[in-house]
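Have a look at it first, then read on.

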Amino acid sequence: LPWYLLAALLLAKSGRRVLMHGPLSGPGRIGLRESLTSLGIVPAASMAEAEAELARINFAFLALEGFSPGLTRLLALRGVLGLRSPINTVGRLLNPANAAAGVDGVFHPAYVDLHLHAAAGLGRSALVVLKGGGGEAEWTGAKALAARELRAGVYSDTAWNPLPGAGKSALDDAAGLLAFWRGEREDPAAHAALIGTAALAIHAMDATEPVAALDAARRLWAERGT
């Protein structure tokens with residue numbers, strides 16, 4: 001399940017404007033589409049629609065199928081090749097809203113530095129890059145993380161310790177994700193992934209140290225309302 005989606009919504013509820021983009025179909029995407037639907041979020045088909053959602057709820061999911069049909073067709077080559085291509089990494093480098101800060105995931109550790117340097121060449125300023133499950137911008141908290149980052153042209157590493165309760169979630173469908181978001185279900189693994197990922201974003205935006213960023217994320221979760 002896309003716990004990173006709930007991390008983004010948590011930041012949006014706190015007043016941050018968060019834009020997420022990606023395909024709605026393909027391997028690993030069924031959970032995302034169903035989760036968006038369960039949360040009442042309609043994916044934006046254009047930047048104009050995304051801007052309207054950002055103004056309304058501080059969050060938008062920009063569907064690649066509408067935003068860049070050509071890139072969507074190239075990504076579909078995975079079904080022909082049987083594995084990811086460099087296009088998957090290229091797509092993650094997009095910054096359609098010219099966001100001041102971001103968190104990007106890559107699916108292979110060897111791509112982290114390449115991704116970061118390519119981002120610098122594209123003019124991105126504050127960016128945290130990690131090897132996420134399936135390449136997503138999500139940290140489950142199960143293992144220590146050495147996040148690579150770019151900030152004002154300077155590259156650095158930040159160490160994040162494993163989080164209590166992290167691991168495999170017992171929730172496995174969109175209904176469970178929604179129940180967790182509403183506070184109707186508890187799940188330590190989901191909580192760790194949500195808090196850890198939100199903390200990475202807080203760190204990217206404010207250069208907050210890991211412990212303080214994690215505390216800030218936990219505070220947002222405790223005060224979020226439903």
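In which helix does Thr89 lie? Thr89 lies in helix α7, residues 86–92. Helices here are DSSP runs of H or I with at least four residues, strands are E runs of at least two, and both are numbered from the N terminus.

A quick word on what you're looking at: this is a predicted model, where local features need pLDDT of at least 70, side-chain atom pairs count only at pLDDT 80 or more, and totals for chains, interfaces and linings use all residues. Residues are numbered from 1 along each chain as its sequence is written, and side-chain values use heavy atoms, with hydrogens and water left out.

Buried means under 20% relative accessible area, exposed means over 50%, and partly exposed is in between, using a 1.4 Å probe and protein chains only. Leaving aside neighbours within four places in sequence, Thr89 is in contact (heavy atoms within 4.5 Å) with Phe107, Tyr111 and His115.

His115 takes us to helix α8, residues 111–121, where Val112, His115, Leu116 and Ala119 are buried. Why do they sit on the same side of α8? Because they cover an arc of only 100° around the axis, the arc being that of the directions from the helix axis to the C-beta atoms. On the other side of α8, Leu114 and Gly121 are exposed. The buried residues of α8 pack against α7, β3, β4 (126–131), β5 (145–151) and β6 (154–160). Just after α8, Gly123 takes a positive phi of about 90°.

Strand β3 covers residues 101–106, and Ala101 is in it. Ala101 counts as partly exposed, at 24% relative accessibility. Not counting residues up to four places away in sequence, Ala101 touches Ala126, Ala204 and Met205. Between Ala101 and Glu223 there are 24 Å from C-alpha to C-alpha, with 122 residues of separation in sequence.

**The cores**

In soluble globular proteins, nonpolar side chains tend to be buried together. A nonpolar core is a set of buried Ala, Val, Leu, Ile, Met, Phe, Trp, Tyr and Cys residues joined through side-chain atoms within 4.5 Å. The largest one here has 48 residues, and Leu6, Leu39, Phe59 and Trp160 touch the most other members. Helix α10 (residues 188–206) gives this core its largest share, 11 residues. Apart from it lies another core of eight residues, including Val106, Val112, Leu116 and Leu127.

What does Phe59 touch, not counting residues up to four places away in sequence? Its partners are Leu5, Ala8, Leu9, Ala12, Val18, Met20, Ile41, Glu53 and Leu54.

The structure holds five aromatic pairs. Rings of Phe, Tyr and Trp (its six-membered ring) pair if their centres lie within 6.5 Å; planes under 30 degrees apart count as stacked, over 60 as edge-to-face and the rest as tilted. Two of the pairs share Phe180:

| Pair | Centre distance | Plane angle | Type |
|---|---|---|---|
| Trp3 and Phe180 | 5.6 Å | 75° | edge-to-face |
| Phe180 and Trp221 | 5.1 Å | 20° | stacked |

Trp221 lies in helix α11 (residues 210–222), so its pair with Phe180 in α9 ties together parts that are 41 residues apart in sequence.

Trp3 and Phe180 are both buried, Phe180 at 4% relative accessibility. Trp221 is buried too, with a relative accessible area of 11%. Trp3, Phe180, Trp181 and Trp221 form one aromatic cluster.

Arg224 lies over the face of Trp221, at 3.5 Å from the ring centre, and over the face of Trp181, at 5.9 Å. A charge sits over a ring if NZ of Lys or CZ of Arg is within 6 Å of the ring centre and within 35 degrees of the ring normal.

**Stepping back**

The chain has 11 helices and six strands. Along its principal axes the C-alpha trace spans about 40 × 40 × 35 Å. Of its 226 residues, 46% count as buried. Among contacts with a separation of 6 or more, residues 24 or more positions apart account for 63%.
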